[in-house]
Every structure is written in structure tokens, then in C-alpha cells.
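Open the structure in your viewer and keep the sequence panel beside it. The stops below say what to select next and what is there.

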Amino acid sequence: MRGYIIAILILISGNLFSQEVRDAKIPAVPIKTVSGLPFNTSKFNNNGKPMIIDFWATWCVPCIKELNAIADKYDYWQKETGVKMIIIAVDTVHNTTTVASFVKNKGWRYEVYLDQDGKVQEAMNVMDTPCTMVVDGSGKIVWVHNSYNDGDEDKAFEVVKKLAAKK
Amino acid sequence: MLKKLLFITSLFVVPILQAQVLDQGQLHGSMEIDAQTYKPDSVIGAPSVPEKMGMNAFTQLDYTNGKISAGVRYEAYEDALNGYDARYNGQGIAYKYIRFADSTIDVTAGNFYEQFGSGLVLRSYWQYQLGVDNSIDGIRLKYNIYKGISVKGVIGHQRYFWGEGTGIVRGIDGEINLNQLIPHWDTVKTKIILGGSFVSNYQAPDNTTYNVPGNVGASAGRITISNGGFSFYSEYAYKINDPSVVNAYIYHPGQAFLVRTNYSTKGFSVSLSGESIDNMSFKSDRTATQNNLDINYLPALPRDETYQLAQIYPYATQPNGEMGLDAEMRYTIPKGSLLGGEHGTELDAEFSAINALDTTNLNDLNTTRQAYSVNYFGVSSKIYFNNLTLELKHKFSSKFRMILQYQDEAYNKDVIQDEVGYGIIHCNIGIADGYYRIAESNTLHLEFQELYTKKDQGSWAFGMAEMNFGSNWFAGLLDEYNYGNPISNQQIHYYTITGGYTHNALRVTLGYGKTRSGILCVGGVCREVPASDGFSISITNSF
């Protein structure tokens with residue numbers, strides 16, 4: 001019976017995984033701005049243009065690599081597609097107080113939020129960092145990617161370009 | 001026969017159900033499977049495992065339709081991987097909830113995770129890698145009373161493996177955002193947020209030796225102030241006497257105080273944190289030990305270590321008492337300067353010092369059992385943890401970048417790992433971490449690390465070569481070598497070969513090799529990791 005239940009679970013998962021896109025709206029979950037002010041993820045918007053949501057942490061080496069790589073290209077990306085980067089720090093409580101200084105030090109021009117209690121990760125099924133999501137202008141998650149290897153940011157941008165071209 | 005019929009039927013029914021559900025709302029979720037085979041190895045201390053393999057797995061499904069959402073998480077431990085509590089063995093629904101949320105009210109029935117402030121009096125969370133799940137099964141209500149004022153209340157029992165703890169956890173938390181509440185303050189540059197919490201746990205006072213309180217209450221107050229690049233956060237918590245196994249049934253009240261402040265401007269930031277913890281273990285069962293049934297969370301001052309050898313001696317927060325400071329400075333040498341080069345150079349320095357509380361023994365264990373008094377303005381000379389980390393990151397070209405790190409650490413293994421006879425281990429760690437981009441989607445990742453110490457198991461060296469093939473495949477070879485072990489036949493190579501595949505949210509990792517015994521810590525919370533030798537597979541996905 002146990003094997004049967006596990007098989008069903010894997011089956012359910014497998015069927016769903018076959019979808020390359022989630023096509024799900026960003027859920028409405030309380031989150032904090034980098035200044036500690038309350039916000040809600042349902043208010044993420046970019047005036048109908050695509051967004052990239054990235055879950056990261058100050059201690060996560062591949063996350064920093066990815067965000068640095070995007071920072072080098074961000075001006076061009078914005079000029080081409082109008083895309084907006086939203087980064088959500090999943091640091092534990094101690095580190096959340098240093099997120100603002102970390103970002104400022106890096107010179108990243110992204111919108112920064114804190115998922116201090118992990119609720120956004122839970123609601124958006126984030127398994128690990130970095131987790132990169134491309135969101136279309138209506139707030140639908142259309143692409144998800146876990147982990148980071150050099151050049152992965154370009155895959156995200158390809159999706160963004162397609163979304164921008166649809167408009 | 002019936003089982004086979006059910007199985008075959010479900011192959012067709014489940015996708016149809018999925019399609020119908022997806023048509024009406026949104027179904028999403030995540031899954032992870034981790035399995036490991038075990039081969040006994042007396043040299044590294046890997047035990048003989050009768051089952052020959054272990055497996056942890058879960059699938060979480062969440063369904064959202066407008067303001068209503070519901071979810072379920074099914075977990076299976078057949079049997080649990082070594083290092084996880086064997087009481088997890090088995091499978092079943094570990095988490096289920098239904099929730100209604102709009103802009104004013106948010107109600108959850110079933111299991112939920114919650115945190116008040118920084119967690120000093122309440123934090124229920126799930127940390128799969130640590131085997132920690134102290135979700136509350138009950139009711140949670142959040143209500144935005146007025147612009148800038150919000151309250152939330154919780155009541156329920158905590159998860160305890162496949163059952164629930166006996167304690168009833170009740171809590172209320174309020175937060176006031178002065179910039180939203182006070183007219184015209186929304187444009188004021190200085191932002192101020194105040195918060196306060198009260199949490200109580202009831203457990204029948206059924207101890208036959210001590211007269212223990214049935215209701216244990218804890219309260220906390222907090223403040224956040226920010227202005228441009230400056231931010232300040234402080235929280236203080238107090239808990240009434242809470243005799244338990246963890247504090248050896250003393251009646252000393254608990255206190256915790258933390259302060260974090262930082263200043264940043266482009267290319268430069270500095271942060272300073274301090275923490276004092278005194279008898280602040282708060283569990284919903286006074287007989288619970290380890291990470292079980294924790295109501296609160298005591299954040300660790302030092303940062304989480306990510307490099308292999310730096311994880312040999314990680315810090316774990318001491319709930320019975322500690323006092324510490326942490327200072328960190330980051331500076332980016334501008335691009336185009338002599339030292340900054342074409343891409344800039346990043347420098348990072350962090351110093352952490354954590355000692356025992358300055359206490360005086362009251363010798364009252366046969367009378368009032370307060371046990372000790374504390375001088376909060378002093379620091380004991382007993383070192384728990386000292387660490388100086390210096391890090392340099394430099395991108396030499398678009399193809400090559402490097403991270404160099406040096407650590408000088410003093411680690412009280414007897415206190416942090418609850419051992420005897422090790423004393424303070426002083427070690428020096430050097431790390432070189434380089435990435436070379438061979439082609440558009442091919443990067444070679446090389447790491448060399450050395451931990452030098454004359455104590456405990458002696459010195460270690462670590463080498464890793466990892467390569468990405470195209471954008472989906474990767475393979476790596478790792479060797480952790482305990483070359484300085486004072487026992488010659490323990491000078492072992494812990495080699496691992498690993499490879500895998502990633503595609504969007506899917507990640508499959510296969511490995512074979514030896515793992516040394518040690519502890520794994522995330523945010524100051526740790527679990528033991530026993531030595532192992534064998535194959536492993538890990539599959540994660542979300543959808």
C-alpha cells in the first residue's frame with residue numbers, strides 16, 4: 001500500500017511537472033519591504049511589462065553570482081524589454097537586517113523584499129535558492145528555474161523577450 | 001488484485017481530476033525525494049543499516065481559487081535517512097490547511113507556520129534538511145484593524161513527528177506602523193514600526209518531582225527604525241519560570257535581547273549586532289529535547305557557512321545562555337581603480353565573539369532553584385565561539401572570477417556539540433574558489449580549502465572540480481582529506497563523485513562516495529549527520 005501511495009504522488013507530480021510553465025498568478029502573501037514595511041506580493045507590478053522574481057540569500061554564492069551577472073546586463077534588458085527585477089531575500093532573521101546594506105553595497109538597482117518568515121517561499125513552492133521566476137505583465141508565472149550556472153540568466157531573458165514581443 | 005485495480009484506475013483518473021481542478025483554480029506544488037544506500041564502513045564509522053537504504057520524500061499540493069486556498073503535504077520516510085529522528089519513520093499527511101484571505105482578514109484552519117518579530121517568543125517553521133517541523137495545527141487569524149495597525153492570533157498544538165504535542169500554544173501579536181498610522185507621516189523619511197507579542201503554553205502540571213507551572217507565558221516588544229541607508233532593529237523578550245528538561249528544572253525566568261544596526265551607502269556598508277540569551281528555550285512540552293516542539297527561535301549571530309570545511313565547526317545558538325557581538329564591513333573597490341580592476345573588487349570582513357553569560361551560582365537547587373544570577377553588563381571569560389572572516393572577491397575577466405577567504409576560529413566543541421574533553425578548538429581556514437567560463441554554457445568550478453588545527457581530528461584539505469556541460473548537465477569530483485588526523489588509519493579520503501541534470505525547476509542529483517560525520521546547521525539550529533558510504537539520489541521540483 002505504501003509503494004502504491006508513493007507511486008500515486010510521483011505520478012501526480014510527474015504529470016504536473018510536464019508543464020514547463022506554471023501559468024499561475026502570483027499568490028497574495030504578506031511580505032516586507034527592505035525597510036521592514038508591510039507589503040503584499042499581489043501588488044508586484046510593472047505596468048503590464050514582464051518581471052523577474054528571484055529568491056536569494058546573502059550567504060548563497062550562486063545567488064550572488066546570478067544577481068551580479070544580471071546587474072551587468074540589467075540596463076540593456078530594461079532598455080530592450082522594460083523588465084523589472086524583484087528580488088526576495090530568504091535570509092534567516094539575523095541576516096535580514098543586513099540585506100539592505102548588502103544590496104546597496106552591491107549597487108543592485110532591483111526592488112528588494114524580505115521573506116523573513118518563509119511564507120512567500122511556501123506559497124510559491126520555492127524549493128531552494130536561487131529560484132528564478134519570469135512573470136508576464138498580467139502577473140502570471142510563466143517560467144521557473146532552480147539553481148544557477150553561468151549563462152542561465154540568458155535563458156530567463158529569452159523568455160522575457162518573448163513576453164515583451166507579444167505585447 | 002484490488003490494489004492493482006486501484007492503481008491502474010488512478011493512472012487515468014488522477015490526470016482527469018487534475019485537469020478539472022486546474023480549470024477552476026490554480027494548483028501548484030513541490031516535491032523532493034532524497035534516497036541513500038548504506039554500506040558499513042568501520043574506518044569512517046558508517047554503521048550497518050539493516051534496511052540498506054533510507055528515503056525521505058514529500059509532495060506538497062496547494063490549490064488557490066480566489067480568496068480561498070487549501071493545501072496538503074504528504075511525507076514519506078521509508079526509513080528516514082540516517083541522522084533524522086527514527087520517529088519520522090512511516091508516511092502520511094503531515095500538513096493540511098484551508099485558508100481565507102482578503103485585504104482585511106486572513107483566517108487559516110489546520111496547519112500553519114507563523115513568526116512573531118524575529119521569533120524570540122514564537123516561530124513555527126519547517127526546515128526539511130534539518131528534520132525540523134514545529135507547525136501549529138489549529139486556527140490562525142490575522143486582522144488589519146486600521147491603516148498601519150495589524151494583529152494576529154494563533155492557537156493550536158504543535159507537530160510532533162506523526163502526532164501532536166500535548167501543550168496548547170496560544171499567542172497574539174500586534175504591529176503598529178507609525179508612518180501609515182499618523183497623518184502626513186507617510187512622507188517622513190524616518191520609518192518607525194513598533195510591535196509586541198504575548199505567547200502562552202499550557203501543559204498539565206503533572207511532574208511528580210517539581211511543582212511546575214501549567215501555563216508558561218512569554219512576552220516581547222520590538223522596534224524598527226530606518227532612515228535612508230541607516231536601520232536599527234531591537235527586540236526584548238521575557239519568559240516566566242519554565243522548569244524543563246532543557247534547563248534541568250530550574251525556576252530562573254528567561255530573557256533575550258537583540259539589537260541590529262547597520263549603515264550602508266553604495267560600495268560600503270557596516271553592521272553591528274549584539275545578542276544576550278538567558279534560559280530562553282521555550283517548548284510546548286517541558287520534557288521535549290533537541291529541536292522538538294520548539295515554540296520560539298533564537299537566531300544565531302554568525303552567518304551560515306557555505307564552504308565545506310567551514311561547516312566542520314559551525315555555531316549553534318545556546319538557549320541556556322550566551323552573550324555575543326557580531327560586526328561586519330563590506331567595501332567594494334571601485335571599477336577602473338588600480339585595485340578594483342575592470343570589474344571591481346569586493347572586500348568583506350566579519351568578526352563574531354560569543355561567550356557564556358556572566359553568572360553567579362546561587363547554590364539553591366534544594367530551595368528556590370533559581371540556580372544563578374546574571375550580570376548583564378559583564379561577559380564571562382568562557383569562550384563559546386570566536387570567528388574572524390576575511391573575504392575578497394575579484395572578477396578578473398568575463399571568463400574568470402575568484403573568491404579568496406580566510407577564517408580564524410575558536411570553537412568550544414564541548415558546549416556547542418555537547419561533548420566532553422575536546423575543549424576549545426582553534427583552527428585556521430583558507431579557501432580559494434574559482435570559476436572559469438570555458439564556453440558559453442561550460443563553466444569549470446574549482447575549490448581548494450584547508451582547515452588547519454592541531455586539535456580534535458586535526459587538519460583537513462578539500463578539493464573540488466565541477467563542470468557544467470551545456471545548460472542542463474553537471475558533474476563533479478570532491479575529496480575531503482583528513483590528512484592531519486592524529487590516528488594514522490583515520491587519515492582518510494572522503495571522496496564523492498556527483499552528477500546531475502537541471503531543467504527549469506527540476507533538479508536531479510546522483511552521487512556516490514563517503515560522507516564524514518559531523519553536524520549540519522542552518523540559522524544556528526543543528527542536527528547530527530552520521531558518517532555514510534554509498535549511492536545517493538536527490539530529485540527536487542516545483543510546479
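## Chain B as a whole

Select chain B: its secondary structure comes to three helices and 31 strands, where helices (H or I, at least four residues) and strands (E, at least two) are DSSP runs numbered from the N terminus. This is a predicted model, in which local features need pLDDT of at least 70, side-chain atom pairs count only at pLDDT 80 or more, and totals for chains, interfaces and linings use all residues. Residues are numbered from 1 along each chain as its sequence is written, while chains are lettered from A and ligands numbered from 1 in the order in which they are written.

For 543 residues a compact globule would have a value near 24 Å, and the 26 Å of chain B agrees with that. Of the 543 residues in chain B, 36% are buried; a residue is buried if 20 or more other C-beta atoms lie within 10 Å of its own, exposed if 12 or fewer, and partly exposed in between, with C-beta atoms placed from the backbone.

Now colour by pLDDT, the predictor's confidence in each residue, from 0 to 100. Chain B averages 91, and 96% of the residues score at least 70. Confidence in chain B is lowest in helix H1 (residues 2–24), at a mean of 48, and highest in strand E11 (residues 149–160), at 97. Select residues 1–16 of chain B: pLDDT stays under 50 there, and the model has 10 contacts beyond four places in sequence for this stretch. Two residues are in contact if their C-beta atoms, placed from the backbone, lie within 7 Å. For the complex, the predictor gives an ipTM of 0.75 and a pTM of 0.87.

## Two domains

Colour residues 102–299 of chain B as domain 1 and residues 327–354 + 383–543 as domain 2; these bounds come from an automatic or database domain assignment. The C-alpha centres of the two domains lie 32 Å apart. Across the boundary, 14 residues of domain 1 of chain B are in contact with 13 residues of domain 2 of chain B. Which strand gives the most to the domain 1 side of chain B? It is strand E18 (residues 268–278), with five residues. The residues of that side divide into seven nonpolar, seven polar and no charged, counting Ala, Val, Leu, Ile, Met, Phe, Trp, Tyr, Cys and Pro as nonpolar, Asp, Glu, Lys and Arg as charged, and the others, Gly among them, as polar.

Select strand E15 (residues 215–227) of chain B. Its covered face holds B:Val216, B:Ala218, B:Ala220, B:Arg222, B:Thr224 and B:Ser226. Its uncovered face includes B:Ile223, B:Ile225 and B:Asn227. In a regular strand the side chains alternate between the two faces of the sheet.

E15(B) and E16(B) form a hairpin with two residues between them, and B:Gly228 in the turn has a positive phi of about 55 degrees.

Go back to E14 of chain B and pick B:Gly195. B:Gly195 is buried, with 20 other C-beta atoms within 10 Å. Not counting residues up to four places away in sequence, B:Gly195 touches B:Gly117, B:Asp173, B:Gly174, B:Glu175 and B:Arg222.

## Backbone details

Select B:Ala248, in the loop between E16 and strand E17 (254–265) of chain B. B:Ala248 has a positive phi of about 60 degrees although it is not a glycine. Is B:Ala248 buried or exposed? With 11 C-beta neighbours inside 10 Å, B:Ala248 counts as exposed.

Move to B:Asn279, in the loop between E18 and strand E19 (321–333) of chain B. B:Asn279, not a glycine, has a positive phi of about 50 degrees. B:Asn279 counts as buried, with 25 C-beta neighbours inside 10 Å.

Finish in chain A at A:Pro130, in the loop between helix H4 (119–123) and strand E7 (131–135). The peptide bond from A:Thr129 to A:Pro130 is cis, with omega near -5 degrees.

Notes: Two strands pair if DSSP finds at least two bridges between them. The radius of gyration is taken over C-alpha atoms; the globule rule is 2.2 Å times the number of residues to the power 0.38.
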